[in-house]
Amino acid sequence: MIRRLLRSLAPALALALIAGHAWAEVTVTFYAHPGARVRGGYLLFPHAYVHAEGTVEATGEPVDWSAGFTAKSPGPHLLFTRGGGVVASPDARYVDEGRPFLEVTVDDATWYALKARADWWNSPEGSVYDLRRRNCITFIADLARVVGLRTPPEPSMKPGTFLEATAALNPAAAWREEPAVAPVTAPPMTAPPAIAPSVIVAPGSEPVS
């Protein structure tokens with residue numbers, strides 16, 4: 001009886017495993033923010049960052065993580081000297097304002113490697129900021145290589161231009177907008193054909209309509 005029960009449950013268990021495998025994944029998206037706007041009294045500059053979202057397959061842990069590399073103390077002094085850098089998480093509104101350029105789905109091992117590499121940029125060795133040579137783009141390029149993407153030459157000071165060139169090198173990962181769904185329109189209404197009036201003929205008389 002137990003064997004028969006297991007046989008009956010096997011298809012459902014297999015379907016659940018397949019569905020779980022498809023659902024448990026982490027998607028990594030690379031963004032650029034255009035900057036050139038003021039918020040809270042601060043001028044927002046162009047910036048590159050990464051956002052990961054999904055579920056770790058092995059543990060079921062939810063993932064909703066964003067990171068970009070920036071100067072600890074922004075200011076004009078960075079035009080002439082290096083400073084300290086920090087990996088910071090942009091707020092949700094900032095992420096929504098950015099433009100996505102690349103998107104890849106990664107396995108658990110790659111996700112953990114990506115997170116560990118981002119943590120290294122917060123270490124004493126990694127947290128060195130140079131406006132021209134070691135900035136947010138350098139950080140994004142490093143993480144892009146962790147997930148298997150090719151990157152164009154560095155350094156760069158234009159996040160959008162850099163990520164556009166990266167997308168050209170990785171067409172399979174280039175961001176594509178979801179196709180718009182055309183509205184369903186009802187067929188035009190047509191009037192039914194006119195019915196000719198019936199003709200009644202009385203015996204011995206003319207036709208009358």
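Reply: Gladly, and let us start with contact, which means heavy atoms within 4.5 Å. This is a predicted model, in which local features need pLDDT of at least 70, side-chain atom pairs count only at pLDDT 80 or more, and totals for chains, interfaces and linings use all residues. Residues are numbered from 1 along each chain as its sequence is written, and side-chain values use heavy atoms, with hydrogens and water left out.

Me: Then let me try one: leaving aside neighbours within four places in sequence, which residues is T166 in contact with?

Reply: With that exclusion, T166 touches L102, R150, T151 and P152.

Me: How do I read burial, and is T166 buried or exposed?

Reply: Buried means under 20% relative accessible area, exposed means over 50%, and partly exposed lies in between, with a 1.4 Å probe and protein chains only. T166 has 1% relative accessibility, so it counts as buried. Across the protein, 34% of the 209 residues count as buried.

Me: Which elements does the protein have, and in what order do they run?

Reply: Helices (H or I, at least four residues) and strands (E, at least two) are DSSP runs, numbered from the N terminus. Here there are 5 helices and 8 strands. From the N terminus on, the order is α-β-β-β-β-β-β-α-β-α-β-α-α. T166 belongs to helix α5.

Me: Which residues of α5 are buried?

Reply: In α5, the buried residues are P159, F162, L163, T166 and A167. Their arc around the axis is only 140 degrees, which puts them on the same side of α5; the arc is that of the directions from the helix axis to the C-beta atoms. The general idea is that an α-helix has 3.6 residues a turn, so residues three or four places apart point the same way.

Me: What covers the buried residues of α5?

Reply: The cover includes β1 (26-33), β4 (47-55), β7 (99-106) and α4.

Me: Now helix packing: at what angle do α4 and α5 pack?

Reply: Axes are lines fitted to C-alpha atoms, for helices over the stretch in contact, and angles run from 0 to 180 degrees between N-to-C directions. Helix α4 (residues 136-146) and helix α5 (residues 159-169) pack at about 20 degrees, with axes 10 Å apart. Angles under 35 degrees count as roughly parallel, over 145 as roughly antiparallel, 65 to 115 as roughly perpendicular and the rest as oblique. The pair α4 and α5 is therefore roughly parallel.

Me: And which residues make that contact?

Reply: From α4 come C136, I137, I140 and A141, and from α5 come P159, F162 and L163. By class, these are 7 nonpolar, no polar and no charged. Ala, Val, Leu, Ile, Met, Phe, Trp, Tyr, Cys and Pro count as nonpolar, Asp, Glu, Lys and Arg as charged, and the others, Gly among them, as polar.

Me: How do α3 and α4 pack?

Reply: Helix α3 (residues 108-120) and α4 pack at about 155 degrees, with their axes 9 Å apart. These two helices are therefore roughly antiparallel. On the α3 side, T110, A113, L114, R117 and A118 meet F139, D142, L143 and V146 of α4. This contact has 6 nonpolar, 1 polar and 2 charged residues.

Me: Where is Y112 found?

Reply: Y112 is in helix α3, and its relative accessible area of 41% makes it partly exposed. Neighbours within four places aside, Y112 contacts V56, T59 and E61.
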